[in-house]
Each structure stands twice: as C-alpha cells, then as structure tokens.
Amino acid sequence: MKKLRCGVSGLGRGRTFVERLNGIEGCEVVAVCDPDARKVAEFGDLAGYTEYETMIGEAELDMVAVIGPGPTHAPQALHALRSGVHVISETPCVYLLEEAQAIVEAVRATGCKYMLSEDYIFMGWVQHWKALVEAGELGEIVAGQGEYTHDCRGMFVVGPEGNYLPWSERGREGVRPSWRASHLPPLSYCSHTLGPLLYLMQDRCTTVTAFDSGSRTYPEAGTIDYASAVLKTEGGRVITLTNGFGVAHPFIFFIGLIGTKGSLRCVSFNFGDAQTRMYLDRDGGGWQELTGVWFERPDGRHWLSVLLEAFVQSIRENGQPPIDVYESMDYTLPGICAHLSAARGGERVDIPDYRT
Ligand SMILES: NC(=O)c1ccc[n+]([C@@H]2O[C@H](COP(=O)([O-])OP(=O)(O)OC[C@H]3O[C@@H](n4cnc5c(N)ncnc54)[C@H](O)[C@@H]3O)[C@@H](O)[C@H]2O)c1
C-alpha cells in the first residue's frame, strides 16, 4: 500500500498532528510548514517550509493538516482543496460565511475530502453518552447547554519574535496582541461544546440570537471578553452556549443534555479525568454521579488518533469523512452567526445550510 503523503501547517499544536499521523499505518508526514524557521528546523529530516503555498506547490502531498492560527485555516484549506489536496482543519475552520460556502464548493468541485478536526466527539465520555441516549435513558432530547470559559490572557500578548509573553507584559514597546486576543470572538470557538451536543442530538442549528459583553480586559486589541447565544435547531430544540476567554476565570468546560425522561451533565474543572464530573438523572430521581474514565476511550486509544485514522480511511476508501464538510460547518457556523448577531445588538441571524 502506497503511503499517504501528509503535510502539517503550524507547529504549535501541529506537532501533535505530526506525531499522531506518523502513528497511523499507511501515513507518513513528509513536510511541515511554519513562518518561524526555528520551529521548522526542529523537523530537519522532513521537507520544511516557511511559506504554506510553497509547501503545497512542491511537496506532492495527498493531505494536509491545517493547524496554524484560526484565521489561517480557511484560506489554507481552500488553497489545498483547489490544488487537489485533502484537508483536515483545526477549529474554528472558518470565520466568514463566504469562506464556508467557498470550501463547500471546492469540496464538491474537486471531490477532495475535508473534515473539521473536532476531537471532543471522539473522547470516551461522548461515546458513553451516545450509548445512554441510544438506550433511551433521556427519552426525547429537548435542550442542550454548553459553556467553555477559560482565562486565556496568558496567550494574549506576543513579543517581537512571535512568542507568547505574560499578560503583565502588554503595553511594552514591541509587544503586540496575539491572534487569540484580536481574532478569536469567543463563540467562534464553539465546536468543542456544540459539536458533541449536535452529534448526540443528531440535529443542526437553524437560527441564533446572541449578545457579548464588549471589551473590558484588553480593549486595545478589541478582544471580546465573553458571549452567550440562544440557538434553535431544525428538530425544534433549544441550545444555549456561552464562551469567554478574556476573563479572570479558570478553565470550565460544561455540557448539559436535557430530555423528557432524563438528563446528563458534564463539568470539567480542568482538562483531564481527575477534574471531571458527570451526572445522570433518570426521570427526576436525582443526580447520580457516573464514574469511569472520561477523556480516555474504553479502547485505550487516543481520541485524536481515532479521528485521524477515520479521516485517512475516508480518503483511502473514497468514503464520507466521519465529520463531513456540511457537519464541519454545522459545528462552526452557529458561532460565526452568533458573533454577527451580537455585533447587531442581538438581531436574529439564520444559519445557512450549504447542502441545498
Ligand atoms: N482541538 C483542540 O483541543 C485544540 C487545542 C489547542 C489549539 N487548538 C487550535 O489549534 C490551532 C493552533 O493552536 P496553537 O495552540 O498551536 O496556536 P499557537 O498560536 O500556539 O501556534 C500557532 C503556530 O502557527 C504558526 N503560524 C503562524 N502563522 C502561520 C501560517 N500562516 N501558516 C502556518 N503556521 C503559522 C505559528 O508560528 C505557531 O507556531 C488554533 O486554531 C487553535 O484554536 C485546538
């Protein structure tokens, strides 16, 4: 079997993708790209590039993982698709509706595979909840809730060489806002909560109303501190989402599923099994704590490896990626439309579906 030639763009989180992709049978990372030449040099045995377009033009890739700063994802994905290269993209996969439409059109025109790398869906707890939902423990799902609030001020300022600096360094000469401060409206990063909710509900959002709290923490960068949205789904359910990164609030990840016969809650005080609690209510009988290993999967495999393997398989077999281009947009566009709604003072915004 000829190995798939993979490239990775962005060598922060992208390093994990180099490792995980190389761990998949029939895959080989042959090229990496980052504007920071020092990071590229650390992968001396691979073809290294500081310009993405040059990597796509020269490295003869079958697929690329687009893992740089958020605003680079859609332009880089489009460039690869139009060059006949399959794409897996980190979240948020788009910032604009026009980008989403262009990606859908490029996938249709080229037949290339495209997938949002929404890894939370592949974690052990989501698979466990899926089994409870399918067993009818919740009855009919009525509503969902999601919150991702996390003090990210430690990643809000960068020095002249692009390295993150402590929050206290802001305002010093040569120090500027990072992309996380200037280009990450909180609800654009909604897929870690909304993705699992929609996956478990088998639904999509059709319309949203949202508000944000403006910019108090880092107004010089235009950082939006905190935002909340109410969404209606095609199946008539309601979802509430809250995200905030520019606030003094340690990590909280929260998900709730509310049904006619039971409800589920997950709250994580830090990313990891020891700091995560899950509760199930059966028919109003009271919260029962569920015990088990949560982020890890029962099969012992890492969730990102399972996700990447499934994407690679869809390329090999010319099948559907586990999160196809339309689902990728279902998990992302509600947050983009929420940002539009908040900017218009809470005006209701319809969420496009590019399937039709
Ligand atoms: N799924 C998850 O759990 C998860 C976790 C962390 C980060 N992320 C997402 O992954 C992406 C990367 O996050 P990160 O923590 O590595 O960010 P980061 O800011 O730490 O690193 C980004 C890297 O991309 C490089 N870069 C800058 N411009 C580039 C370009 N045009 N092309 C290629 N590389 C470029 C930078 O030099 C840097 O090495 C973000 O979109 C983030 O939202 C997802």
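In what sense do strand β8 and β10 pair, and over how many bridges? Keep that in mind as we walk through the model; the answer comes at the third stop.

Before you start, note that this is a predicted model, where local features need pLDDT of at least 70, side-chain atom pairs count only at pLDDT 80 or more, and totals for chains, interfaces and linings use all residues. Residues are numbered from 1 along each chain as its sequence is written, and side-chain values use heavy atoms, with hydrogens and water left out.

**Stop 1: the two domains**

Colour residues 4–112 as domain 1, then 121–298 + 324–350 as domain 2; these bounds come from an automatic or database domain assignment. Their C-alpha centres lie 25 Å apart. Domain 1 gives 16 residues to the contact and domain 2 gives 18, where contact means heavy atoms within 4.5 Å.

**Stop 2: the parallel sheet**

Switch to a cartoon view and look for an open sheet of 6 strands, ordered β3-β2-β1-β4-β5-β6, with parallel pairing. Helices (H or I, at least four residues) and strands (E, at least two) are DSSP runs, numbered from the N terminus, and two strands pair if DSSP finds at least two bridges between them. Select 47–49 for β3 and 114–116 for β6: these edge strands each have a single partner strand, so one side of each has no neighbour in the sheet. From one strand to the next, the twist averages 20°.

Now select β1 (residues 4–9) and β4 (residues 63–66), which pair in the parallel sense over 4 bridges. Show G7, and you will find V64 of β4 standing opposite.

**Stop 3: the antiparallel sheet**

Next comes an open sheet of 3 strands in the order β9-β8-β10, paired antiparallel. Its edge strands are β9 (164–165) and β10 (176–177), and each pairs on one side only. Here is the answer to the opening question: β8 (residues 157–158) and β10 pair in the antiparallel sense over 2 bridges. Click on V157 to find its bridge partner in β10, P177.

**Stop 4: a helix pair**

Finally, select helix α6 (residues 124–134) and helix α8 (residues 191–201), which pack at an angle of about 25° with axes 10 Å apart. Axes are lines fitted to C-alpha atoms, for helices over the stretch in contact, and angles run from 0 to 180 degrees between N-to-C directions. The two helices are therefore roughly parallel, a label for angles under 35 degrees.

Show side chains: W125, V126, Q127, W129, K130 and V133 of α6 meet P196, Y199 and L200 of α8.

How values were computed. Angles under 35 degrees count as roughly parallel, over 145 as roughly antiparallel, 65 to 115 as roughly perpendicular and the rest as oblique.
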